[in-house]
Amino acid sequence: MARVTVASQMCRPFMGTVTEVEIDASNVRALIRELDRRYPGLGNQVEESMAVAIDGVICQDTYLEPINPDSEVCLIPKIAGG
Amino acid sequence: MNYLGKDVELKVVGTRPIRPDGVEKVIGRAAFGADFRVAGMIHGKVLRSPHAHARIKSIDTSKAEALKGVRAVITANDLPNIPSEEAFVGEGPANFRDMSLNTIARDKVLYDGHAVAAVAATSPSIAEEALRLIDVEYEVLPNVIDVEEAMKPDAPILHDDLFTQGVDPKPTKASNIAKRMEFKLGDSASAFSKADVIVERKYKTAPVHQAYIEPHACVVSYGADGQAQIWCSSQGQFMVRAYCAKLLGMDIADIRVFPLEIGGGFGGKTLVYLEPLALALSRKSGKPVKMTMSREEVFRGSGPTSGGAINVKIGATKNGRIVAAECEVMLQAGAFPGSPIGPALMTPFAMYDLSDVTIWGYDVVSNRPKVAAYRAPGAPVSTFATESAVDELAKQLDMDPLELRLINAAKDGTKAVYGPTLKDIGFVETLEAAKSSSHWNSPLGDAAPGKRRGRGMASGFWFNIGGESSGATYVNEDGTITVVSGNPDIGGSRASMGMMAAEVLGMDVKDVRTVVGDTTSVGFSFLTGGSRVTFATGMAVTQSAEMVRDELCKRAALLWEIPAEAVEWKDGKAYPAGENAGKFDPLTIADIAGKSARTGGPITGKASINAQGAGPGYATHICDLEVDEETGHTTVLRYTAIQDVGKAIHPSYVEGQLQGGAVQGIGWALNEEYVYTKDGRLDNAGFLDYRIPVASDLPMIETILVEVPNPRHPFGVKGVGEPPIVPPMAAVANAMENATGVRMSSLPMSPPRVRAALDASEG
Amino acid sequence: MAKTHVTATINGEETEFLCDGQQTMLDVLRDEMGLTGSKEGCGSGDCGACSILVDGRLVCSCLMFGAEAEGTDIMTIEGMADGDKLHPLQQKFLEHAALQCGFCTPGVLVASKALLDKNPNPTEEEARYWLAGNLCRCTGYDKIIEAVMDAAAEMRGE
């Protein structure tokens, strides 16, 4: 089970005070689906406004990035730049 | 595949060839935004608000329309009224309704310079005359310019429907605070009890403009069939296409955008300003319309970056371990929500291995132009504060500031305050490089009488991004190569694209031509920004060149009638792989290209990807300066920029990014600011009064490129454009403190401010 | 509006043009002659992107009326190379990567030529002060100064 953490309060409307969950997902798509199942609405929030850092590598707008059972997954705001 | 191993011999990557677009640019032939013209075009101009905040009661365009030579006059009513819709654009989350209202005001003007109407006429002077004939009746409203003023409960409210997000309970009263955001690691409040020393201070930075030398410009032709062509300079031809389609209610397929050369952007050209207006004018007049901004319009009407107010508190033990940190960032968004508050909070402590941190902030609207991205958006503002505070901590602990940073430095395995565990980072390497640099080890030298000298250093972080990118490699009939990139080349990326393709194909880079494609000649690419092009588009180009290389081997195999696996590619030629493959003379690309019709047709590689894993960038800068006690004027004497760049494809252009970013930061530190009158009008909308650094202000900018390769890129590239603007403000402020004993906590450290601070310190 | 007839030598060629009273030399070059190498960055003489030489003197063409060109000898960036052969400054700017976006480059090159015409052996400080009227936002000036110093050395035969 991958450990999913949220450092910001961006997910609070969906997760309340929960900031860490264990999720069984093999890629970002499965992760989003499972997050949305547990916290309705969170899937869309993650998909539209957030990036997913998997083992320290920031991934944005991608379903296919693999997640390992022992991966560290962090939900963070999406990043752009100048 | 990747080319990272020690046994991989790189022949092109890492060298310094002349850029493919260079000659055109030194002979004055390269076509930038305002250089382009089409037959029959007319000229558009924008009427801008003279008020910081006013309700538009009426607009009468009849006199302007009656003027001889005027072909079209538009107001917001000529564009669709777009409903509120959140989207991720430019430097962060935004809203297409706001983008539309920023392009042309509908009911209210929200800043001095806000577009209100536009005219197209047969000459620029007639268009200007027509602007004077438009009657706009305003009801002037109270305005608010300063970020902290805008946050006060009794401040004039810009948007009646703006309620602060991210607070509990959900507010019922409209506010200028669009959003509150917070990141938390551990428990900072109780961790301060472990600290022997605590520094706490408030900082302020002024909003600054990207100040690219080329003003915004475009030519737009809207045809009777509803199809439009746009020629413009921007940071993304696909960005212009998407935004124009959205703002005009057009189909994306009906717009074709041709990227012209871009005369600097730094984030400021990641949005549209003129293009939607030119489209509406062209549609209304039936003529191609050219529009260019004056410099004054660039300052008043296009996005600067956010200024901010920052409160920092940091505590450390006697031996220099930082045990707790807190930071509050109030960031200006300009007239519409969308300051880079997220990155402003995520970056300033990313250099350090900390266990108890809380950082929170606010996205705040006020009566200023809507901010646009500017190099590492958000990070320079908050990092100025935290890196100044770290310096102050070093002083109180009587420690070398570089040693203090080394003790606390983030390494692989450090958990960042915003969540992830960092990996493949080269921050310590930048500190070690600083420590052993000639600059750090040279004496500061004695100040002349009446002057004071000091040295300071600071560090900074930027994530870098990847994203959607397309690249193509074409083998021409004669065996030469054309590479097409989906990204406008803003600082030499055509050179790096061509070099990566040449490396893969084993060719001389001179035989590879790289061009930037229009929106129909290459696959979609996200804009040029976020330090992503050499990383992400470079990855796409590399893959497309690999496809070509593999196909060339296949074609050679066909010609030799041997299996494809029995062909190997070396130094631009196909060879039989070993004795068993048979004996054949090597085939050049030209040989294979000459037979391509017979072996299956044109040889082409195309890659469209969504690149992930842009390696994070860390920078450490050292600054020596001298302050004139009498005038408060500061001279930068020596400056060194050190950065982990992953791998420098073309080291000269990488150094150029470091030098340019550092100097923009020096300008931010010492001179640049928006000055407003009491009634909210911008008072320094020109290069005479908004003074960016000039050649005589500066020394040579020394650079040290640290290369900790990014394993996610075939050549190890990390983004390089943004990290260099993060450390300079604190590096200069820390040197200033070292020189004068005075901690300057407000930017810019302009001569009058320095003079006043020296006076205050002398009591 | 009555137009003024002007005769001037532009990049070595005797040229005639008509301009109205308010047209700047920069407008004439860009709009009437199609010489768009001179750029408008500010229109107020602050950025130097429109630099040209008028009788050998460095001028911001946005601050000069077209009508003032009568009888003068003007060089723009388009006249700096000798046919296909780049001026040493142009060559050195390429070799030193002294341009990023390239927008300020024509003005900087023209100004640098004016410097070396006047002072073939400038110090770094002299070069920096001479070029202080040419804004560049991309490079931090480092590689521009390197290129100018290197071109000067080469032109001196060093």
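**View 1. Helix H1 of chain C and its buried residues.** In this predicted model, helix H1 (residues 25-32) of chain C holds the buried residues C:Met25, C:Leu26, C:Val28, C:Leu29 and C:Arg30, where buried means under 20% relative accessible area, exposed over 50% and partly exposed in between, computed with a 1.4 Å probe on protein chains only. Helices (H or I, at least four residues) and strands (E, at least two) are DSSP runs numbered from the N terminus. The buried residues of H1(C) pack against strand E1 (4-10), strand E2 (13-19), strand E3 (51-54) and strand E5 (73-75) of chain C, contact here meaning heavy atoms within 4.5 Å. An α-helix has 3.6 residues a turn, so residues three or four places apart point the same way. After H1(C) comes C:Gly34, which has a positive phi, near 70 degrees.

**Conventions for all views.** Residues are numbered from 1 along each chain as its sequence is written, and chains are lettered from A and ligands numbered from 1 in the order in which they are written. For this predicted model, local features need pLDDT of at least 70 and side-chain atom pairs count only at pLDDT 80 or more, whereas totals for chains, interfaces and linings use all residues, and side-chain values use heavy atoms, with hydrogens and water left out.

**View 2. The interface of chain B and chain C.** Here 52 residues of chain B are in contact with 45 residues of chain C, and the two chains bury about 3800 Å² between them, with carbon and sulfur atoms giving 59%; buried area is the accessible area (1.4 Å probe) that two parts lose on being put together, summed over both. In chain B, the residues that lose the most area to chain C are B:Val26, B:Ile213 and B:Met700, which together make up 18% of what that side buries.

View 3. Four salt bridges are found across the interface of chain B and chain C, a salt bridge being a side-chain nitrogen of Lys or Arg within 4 Å of a carboxyl oxygen of Asp or Glu. C:Arg30, one of the buried residues of H1(C), meets B:Asp35 in a salt bridge at 2.7 Å, N to O. Between chain B and chain C there are also 23 residue pairs in polar contact, both residues at pLDDT 80 or more; a polar contact is a pair of N or O atoms within 3.5 Å, and within protein one atom must be able to donate a hydrogen and the other to accept it, while residues adjacent in sequence count only if both atoms are side-chain atoms. On the side of chain B that touches chain C, helix H1 (22-26) and helix H18 (651-670) of chain B each supply at least two residues, and the largest share, nine residues, comes from H18(B). That side divides into 28 nonpolar, 16 polar and eight charged residues, with Ala, Val, Leu, Ile, Met, Phe, Trp, Tyr, Cys and Pro counted as nonpolar, Asp, Glu, Lys and Arg as charged, and the others, Gly among them, as polar.

**View 4. The interface of chain B and chain A.** In this view 38 residues of chain B are in contact with 26 residues of chain A, and about 2300 Å² is buried between the two chains, 59% of it on carbon and sulfur atoms. The count is one salt bridge, formed by A:Glu65 and B:Arg712 with the closest N and O atoms 2.8 Å apart, and five residue pairs are in polar contact, both residues at pLDDT 80 or more. Strand E9 (residues 177-185) of chain B gives the most to the side of chain B that touches chain A, with five residues, and by class that side has 15 nonpolar, 13 polar and ten charged residues.

**View 5. The two domains of chain B.** An automatic or database domain assignment divides chain B into domain 1 (22-30 + 465-611) and domain 2 (143-420), whose centres, taken over C-alpha atoms, are separated by 37 Å. In contact are 20 residues of domain 1 and 18 residues of domain 2, and the area buried between these domains is about 1400 Å², of which carbon and sulfur atoms give 61%. On the domain 1 side, B:Ile490, B:Thr519 and B:Leu527 lose the most area to domain 2, together 40% of what that side buries. Three salt bridges are found across this interface; B:Glu261 and B:Arg494 form a salt bridge with their closest N and O atoms 2.8 Å apart.

**View 6. The surroundings of B:Glu297.** B:Glu297 lies in helix H9 (residues 295-301) of chain B and is buried, with a relative accessible area of 13%. The side chain of B:Glu297 reaches the backbone nitrogen of B:Ser294 at 2.9 Å, and, leaving aside neighbours within four places in sequence, B:Glu297 is in contact with B:Val46, B:Arg48, B:Thr292 and B:Ser302.
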